[in-house]
Amino acid sequence: MTRSQFRHVAGHLLTPLLMCLGMAFAYLGAFHQPTPNHLELAVVGESPQAMVLAQTIKDKAGPAVDIVTLPSRDAAVAALGDRELTGAFVPGAQRPELLVATAGSDTSAMAAEVVFRQVTDQQGVPLVVTDVTAKAGGDPTGQGLFFLLVALSVGAYGSVAVIGAAGATLRMRVRAAIGVGTAFVVSLIGVVVAGPVFDVIDQDHAAVFGIAWLYSAGIILIGIGLHTFLKRWTTLALITLFVMLNFTTSGGVYGPQLQNGFFGALHAFWNGADFVEGLRSLLYFDSAAGFGTRLLGLIAWLAVGAVLVVVAGRYEARHAPAPVAPAAVEEEIGESVAV
């Protein structure tokens, strides 16, 4: 092997090695040690005993939990329906009850159960856990929406390298149109498989499809716009944005209540979190709590993609890039997939 051949191979190996490093930091950083972080809890009751219990839990847990008292069980159910709480404890001498909404996050509900089971274990009575939400028949854990997110993400960012490289001689507006159409197909595939095939989605299929299209189109347009400037590094950039930082902050595995401040902060506005939490609100919570905010978030990501496409189109018009060699196209497409 000549020195030039070695440098060529080493240069292309840099991308998967950086992917490996990024995945290790992102996934292990987000998931290796789930610990409560401002877990929203409540104790039901206005008696001094209820207030003392809430304060005792707060004193022991510190910043791990945020706990309040609520006047009634109905108020607790309403707060869970509005996604303001992770769990609400209803004290009782014989039948203490924990109210949770597992559709919001099964793992966060389990963390709430751990907190209050310590209380009932000390009292020597069993804890009754009541889930106030109902999920689709094919999604008992409530994590099916996260796996739909994974499928849509791979279909979206995997399409970018093909559109950007194989369609390099096409005008930007044509590539953008192909991207929008591709997002339609990616979303259709995802919703059909998640809905009729596996029953992860059993209602509001049209709305789910629209949200899936917003999500997929945002990724594809951002990718097409970035490709003009990043070329073969576009895949690494998209995997950083829409895998490393996206899957880990979506709330699909662990909610922000079980993650550190960095990943919890990204959960507030990243597009994967907008997709997962938006669909959870739409499908599982009667009040559709937070749905509008998450929908606006997806629209904002799509708008960013549209702006990037416009900027990239004007840049290409001024600089008139040379045609891409077929070999370079194949190399770039070959680097397009990672999860």
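Q: What makes up the secondary structure of the protein chain?
A: The protein chain has twelve helices and five strands. A helix is a DSSP run of H or I with at least four residues, a strand is a run of E with at least two, and both are numbered from the N terminus. This is a predicted model, in which local features need pLDDT of at least 70 and side-chain atom pairs count only at pLDDT 80 or more, while totals for chains, interfaces and linings use all residues. Residues are numbered from 1 along each chain as its sequence is written, and side-chain values use heavy atoms, with hydrogens and water left out.

Q: What does the C-alpha trace of the protein chain span along its principal axes?
A: The C-alpha trace spans about 75 × 45 × 35 Å.

Q: Why does Glu97 count as buried?
A: Buried means under 20% relative accessible area, exposed means over 50%, and partly exposed lies in between (1.4 Å probe, protein chains only). Glu97 has 8% relative accessibility, so Glu97 counts as buried. Of the 339 residues in the protein chain, 48% are buried.

Q: What makes Glu97 and Arg73 a salt bridge?
A: A salt bridge needs a side-chain nitrogen of Lys or Arg within 4 Å of a carboxyl oxygen of Asp or Glu. The closest N and O atoms of Glu97 and Arg73 are 2.9 Å apart, and the pair forms a salt bridge. Glu97 lies in strand 4 (residues 97-100) and Arg73 in helix 3 (residues 73-81), so the pair ties together parts that are 24 residues apart in sequence. Arg73, at 34% relative accessibility, counts as partly exposed. By this rule there are eight salt bridges.

Q: Why are Arg117 and Glu113 separated by about one helical turn?
A: Arg117 and Glu113 are four residues apart in helix 4, so about one helical turn separates them. Their side chains meet in a salt bridge at 2.4 Å, N to O. Arg117 has 29% relative accessibility and counts as partly exposed. Glu113, with a relative accessible area of 23%, is partly exposed.

Q: How do you know that Arg280 forms a salt bridge with Glu277?
A: The closest N and O atoms of Arg280 and Glu277 are 3.4 Å apart, which gives a salt bridge. The two residues are three apart in helix 10 (residues 271-284), so they are separated by about one helical turn. Arg280 is buried at 2% relative accessibility, and Glu277 is buried with a relative accessible area of 7%. Salt bridges that share partners join Arg83, Glu277 and Arg280 into one network.

Q: What makes a space a cavity and not a pocket?
A: On a 1 Å grid over the protein atoms alone, a cavity is a set of points where a 1.4 Å probe fits but cannot get out; a pocket is an open set with protein on both sides within 12 Å along at least five of seven lines, and lining residues have an atom within 4 Å of a point. Grid points are joined across faces, edges and corners, and a volume is the space filled by probe spheres set on the points. A search of the whole structure finds one cavity of 30 Å³ or more. The largest cavity holds about 30 Å³, and its lining includes Ser105, Gly251 and Arg280.

Q: Which residues of the largest pocket's lining are closest to its centre?
A: The largest pocket has a volume of about 480 Å³. It is lined by 25 residues, and Glu40, Arg83, Gln257, His267 and Glu277 are the closest to its centre.

Q: How does the lining of the second largest pocket divide?
A: Ala, Val, Leu, Ile, Met, Phe, Trp, Tyr, Cys and Pro count as nonpolar, Asp, Glu, Lys and Arg as charged, and the others, Gly among them, as polar. The lining of the second largest pocket divides into 14 nonpolar, five polar and one charged. The volume of this pocket is about 410 Å³. Helix 4 (106-123) and helix 2 (48-61) each supply at least two residues of the lining, and helix 4 gives the largest share, nine residues.

Q: Why does Tyr315 count as partly exposed?
A: Tyr315 has 31% relative accessibility, so Tyr315 counts as partly exposed. Tyr315 is found in helix 11.
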